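Please examine the sequence and the three-dimensional structure shown below. The report that follows describes how the parts of the chain are arranged.

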Amino acid sequence: MSSFLVLWDVDYTLVNAYGVGRNLYRAVFAGLYGRELPAVADGASMAGRTDRAIALEVLELAGVPDPRGQVGRFEAALGRLAPGVTGVVAATAKPLPGAEAALAALAQVPGVVQSVLTGNVRPLAEAKLAPLGLSTHLDLDVGAYGNEHEIRSELVHLARDRAAAAYGRDFGGQASVLIGDTPLDIEAALATGARAVGVATGQFSLAELQATSAHAVLPDLTDTGAVLAAVLAGLGDYQPRPA
Ligand SMILES: [Mg+2]
């Protein structure tokens, strides 16, 4: 039996959380520094980036002295406040179309382990997934999270090592696949020899993702058969069921 580690990005791949993350950044900043997050810092790009990288930029743009010295404190506050957004997520966030079916279908494939590789700190990832019922098929203990490294590709090594330790199997090379909505997701996969699947449900178009060296690109997750084929093409003994 082949082993396969499927690592999902969270924002705009599984979930549209409608700015919950950005609002949380504003709340954390105000709580720690007693002033509103300056507009210039509020505009920091978030797509595909890790919370470590975003927090460093936000602190720097906001003129906070010694951003590197402050970033641990900022991430801890993000984690502390994250459980407080589950109500907002349940009320306003939406799973991306097809996400639940894709997770459930992959969970049926022998040898597949699913988790997340996300820019979110873990409590925020959980706050975005659990209220929408999206964490059922995910082993979040073997995932890798945005406070663990500023560079996304480094998270791939962390997730692989955790999955190998937990399952006693090797998830090197294309036995790991990343699914994400930005060129940074694709880049992280390719830099670590993993399989890269792009999904154009974020701010990047199908054409923009196709212009990367992703192994497969999908318009969205609505065609479960297409998701399985794109994700599992590297799995030698996997035979897609006829539609
Ligand atoms: Mg994303």
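This is a predicted model: local features need pLDDT of at least 70, side-chain atom pairs count only at pLDDT 80 or more; totals for chains, interfaces and linings use all residues.

How many residues of domain 1 are in contact with residues of domain 2?

The domain assignment divides the chain into domain 1 (4-17 + 91-232) and domain 2 (20-85). Between their C-alpha centres there is a distance of 24 Å. The contact between the domains involves 22 residues of domain 1 and 17 residues of domain 2.

On the side of domain 1 that touches domain 2, helices α7 (122-129) and α9 (183-191) each supply at least two residues. The largest share, four residues, comes from α7. Sorted by class, this side of domain 1 has eight nonpolar, nine polar and five charged residues.

## The largest nonpolar core

The largest nonpolar core has 78 residues. Those that touch the most other members are Leu5, Val6, Leu7, Ala159, Leu178, Val197 and Val231. Because domain 1 (4-17 + 91-232) and domain 2 (20-85) both give residues to this core, it lies between them.

When residues up to four places away in sequence are not counted, Leu5 touches Val113, Ala159, Arg160, Ala163, Phe171, Ala175 and Ser176.

## Helix α11

Which residues of helix α11 (residues 224-232) are buried? They are Val227, Leu228, Ala230, Val231 and Leu232. One of them, Val231, was named above among the core residues that touch the most other members.

The buried residues of α11 pack against the strands β1 (4-8), β5 (176-180), β6 (195-199) and β7 (216-218), and also against the helix α6 (99-107).

Definitions and conventions. Residues are numbered from 1 along each chain as its sequence is written. A residue is buried if 20 or more other C-beta atoms lie within 10 Å of its own, exposed if 12 or fewer, and partly exposed in between; C-beta atoms are placed from the backbone. Two residues are in contact if their C-beta atoms, placed from the backbone, lie within 7 Å. A nonpolar core is a set of buried Ala, Val, Leu, Ile, Met, Phe, Trp, Tyr and Cys residues joined through C-beta atoms within 7 Å. Domain bounds come from an automatic or database domain assignment. Ala, Val, Leu, Ile, Met, Phe, Trp, Tyr, Cys and Pro count as nonpolar, Asp, Glu, Lys and Arg as charged, and the others, Gly among them, as polar.
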